[in-house]
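These are my notebook entries on a structure that I had not examined before. I record what I looked up, entry by entry.

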Amino acid sequence: MADIFDLAATNLLSPVILSFVLGLVAALGRSDLSVPEAAAKAMSIYLLFAIGFKGGAAVASNGLDATLVATLVAGFVLSAVLPFIAFAMLRVLTNLSRIDAAAVAGHYGSISIVTFVAATSVLEGRAISSEGYMVAVAAVMEAPAILSALWLVSRGGSGRRMDSELMREIMLNGSIVLLVGAFVIGAITGQEGLDKVSNFIVAPFTGVLCLFLLDMGLVAGRGLRESRSVLNMGAVAFGIIMPLVGSVFGLGAGLLIGLSPGGIALLMVLSASASYIAVPAAMRVALPEANPSVYLTLSLGVTFPFNLTIGIPLYVAVSQAVTGG
Amino acid sequence: MQTHHAKRVVITIEAVMQKRLTDTLESAGVTGYSVLAVLGGSGRSGPWTAEGQISRASGMVQVICIIKPERLDGLLDAAFKVVDKHIGVVTIADVEVVRAERF
């Protein structure tokens, strides 16, 4: 156990995570430090393209193996099932209404791509390899949770919530298109393609990620400030316990499939993270009665900082300890 | 200078609903409108800001239409089908326009 905490402490002191902490502290201290919306969007496009491309190139270099399909299926199932566990926990720990609880639950089945990107950076920093196709698994895990959340609401007697336009928006949301598209480009062009653009998407990657996480720290810090007025203790406890529960499911699935230590850590991160891009947008359209302050503050103000500062180092350390990697 | 009466309808709505609203307005025959970004604000769901956000989930936009007074009811009926359950504000003001044939 002491080894796990030593490894976690080492991971915690990476420039990426410390940049996030800087943003968090600045926002909590009410500093006027800010990142323009357009700059934040540009950095997120860069990071999604780079991570997708690198994942595709890794698959082209190492080839596909039998675990790919199993991992994709596991990701789909985890995303669909985790909202039910989250919903049950929310009904016990909080006094949220059925609609609010279902909306929150949907966020915890889906994934945070920024948390995933940060985790891959931590793994690279520690020279721990992972399966390149985990990027595709991340894309697969975005949407099923939304359907589960809507089913939880419709089971409670509410009417139709999903229409074809919303389904199209979910399946083709910008981050999924960019991630999968860059993955396909990377898989087609392989290492040769990566070499041609490596000065742009490999060398500056960590620096851009630091700046981006500085911004995410600012956004999360603002959310954390608001959490006092929006969330009660039960909800905050859920925001910390649920990622740990999700990570255990990810760990189990990764071990069953036989993923590498890095792959297991990433599946744990995906299972533990909560969406704050695709799912909130879908919930605003499909469940307008649900209070956005609750699910955005929980996801962005509680779970995201928890995963960035404690979760990722912990999941990486646990995956290494369990696999002996 | 000769001016003409018109109605200025400002619909402040969640950014994720923008396309649904403008599609509905167009299908109701309202083809002229402007969309403005809202930088931030505070309301019943608490304060928010677009600063540093990469998602449209918590953002707002304003859709502004200037129409002839007799078309107001049709516009509001169409708009309310979309905005009814969503966060937002609808305001209507009397304005004067110079070139009436444009509205």
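**Cysteines**

I found that C210(A) is buried, because its relative accessibility is 13% (buried means under 20% relative accessible area, exposed over 50%, partly exposed in between, with a 1.4 Å probe and protein chains only). I noted C65(B) as buried too, at 0%.

**Basis of the entries**

The model is predicted, so I note that local features need pLDDT of at least 70 and side-chain atom pairs pLDDT 80 or more, while totals for chains, interfaces and linings use all residues. Residues are numbered from 1 along each chain as its sequence is written, chains are lettered from A and ligands numbered from 1 in the order written, and side-chain values use heavy atoms, without hydrogens and water.

**Positive phi**

R30(A) lies in the loop between α2 (15-28) and α3 (37-62) of chain A (helices are DSSP runs of H or I, at least four residues, numbered from the N terminus). R30(A) counts as exposed because its relative accessibility is 62%.

I also looked up A127(A), a non-glycine residue with a positive phi of about 55°. A127(A) sits in the loop between α6 (113-125) and α7 (134-140) of chain A, and A127(A) is exposed at 73%. Most residues other than glycine have a negative phi.

Methods: Helices (H or I, at least four residues) and strands (E, at least two) are DSSP runs, numbered from the N terminus.
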